[in-house]
Amino acid sequence: MRIALIHAVRVAMDPVDEAFARLWPEARSVHLLDDSLSTDLARDGAITQAMTGRFVTLARYAHQTGADGILFTCSAFGPCIEAAAETVPIPVLKPNEAMFREGARAGTRVGLLASFAPSLPPMEAEFRAIAPSVALETACAPDAMVALNAGDGARHDQLLAQAAEALDGCDAIMLAQFSTARARKVVAEAVGLPVLTSPDSAVRAMRFSLLGGDGAP
């Protein structure tokens, strides 16, 4: 199986590669990166029609390369991904869709921890659509993204762990971006709760979508 991975930031690439290596090593994953998407969203402050068109173009290109499935890793662009999914005849996963479904089964109150503030509003809306009866608490550590982009992974992880401590009364915590998955262990140790990551959940879901029972999560 060939899976196209479409990214808006470089730091999302290693976490999903690591998840595929552990959970579905037989799959062949290929990367498509447009790192201007995240900077354009931060500049404009909202998703635009032009951004949606770019996602449609990326999905169609991925399909033309022979991809059996497409996984977007850019969590701030849910509506764009939904529009893109309608244009190709293969499974398309939003980055956090599978994690949100797992989070909805984790308890009555869950936390969502981000390092990129613009991703939170669309992710909150997506989670509430999936699990309207589950309470959602959110926190953001924007300096963690700055640290990771500067190559300081340890500081990135520690800043997320500190921010996670503000998520009181949760049954589990979801790490919002693919790039935050590397902090799972540190966050779990800080809060003593189950911590879900979008790469692991997404790889399991894509495998199940394409392989059925043989790839069940």
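## Helices, sheet and pocket in a predicted model

Helix α3, residues 49-64, has 16 residues, and at 1.5 Å a residue these should span 22 Å, which agrees with the 23 Å that separates its end C-alpha atoms. Seen down the axis of α3, the buried residues fall within an arc of 160°, so they line one face of the helix. The structure described here is a predicted model.

Which residues of α3 are buried? They are M51, T52, F55, V56, L58, A59 and A62, and they pack against the strands β1 (2-7), β2 and β3 as well as against α2 (36-44) and α4 (78-85). The face of α3 turned away from this buried side carries Q49, A50, T57 and Q64, which are exposed. Just after the helix, G66 takes a positive phi of about 100°.

Helix α6, residues 120-130, can be described in a similar way. Its buried residues, L120, M123, E126 and F127, cover an arc of only 130° around the axis, which puts them on the same side of α6. These buried residues pack against α5 (97-104) and the strands β5 (109-114), β6 (135-140) and β7 (172-175), whereas P121 and A129 are exposed on the face turned away from the buried side.

| Helix | Buried residues | Exposed residues on the face turned away |
|---|---|---|
| α3 (residues 49-64) | M51, T52, F55, V56, L58, A59, A62 | Q49, A50, T57, Q64 |
| α6 (residues 120-130) | L120, M123, E126, F127 | P121, A129 |

What, finally, lines the largest pocket? The lining consists of 21 residues, of which A8, V9, S38, F116 and M145 lie nearest the centre, and the space in this pocket amounts to about 300 Å³. Helices α2 and α7 (142-149) each supply at least two residues of the lining, and α2 gives the most, with 3 residues.

Conventions: Residues numbered from 1 in each chain as written. Predicted model: local features only at pLDDT ≥ 70, side-chain atom pairs only at ≥ 80, totals over all residues. Heavy atoms only, no water. Helix = DSSP H or I, 4+ residues; strand = E, 2+ residues; numbered from the N terminus. Expected span 1.5 Å × (residues − 1). Buried < 20%, exposed > 50% of the residue type's maximum accessible area, 1.4 Å probe, protein only. Arc of directions from axis to C-beta. Contact = heavy atoms within 4.5 Å. 1 Å grid on protein atoms, 1.4 Å probe; cavity = no way out; pocket = protein on both sides within 12 Å on 5 of 7 lines; lining within 4 Å. Points joined across faces, edges and corners; volume = space filled by probe spheres on them.
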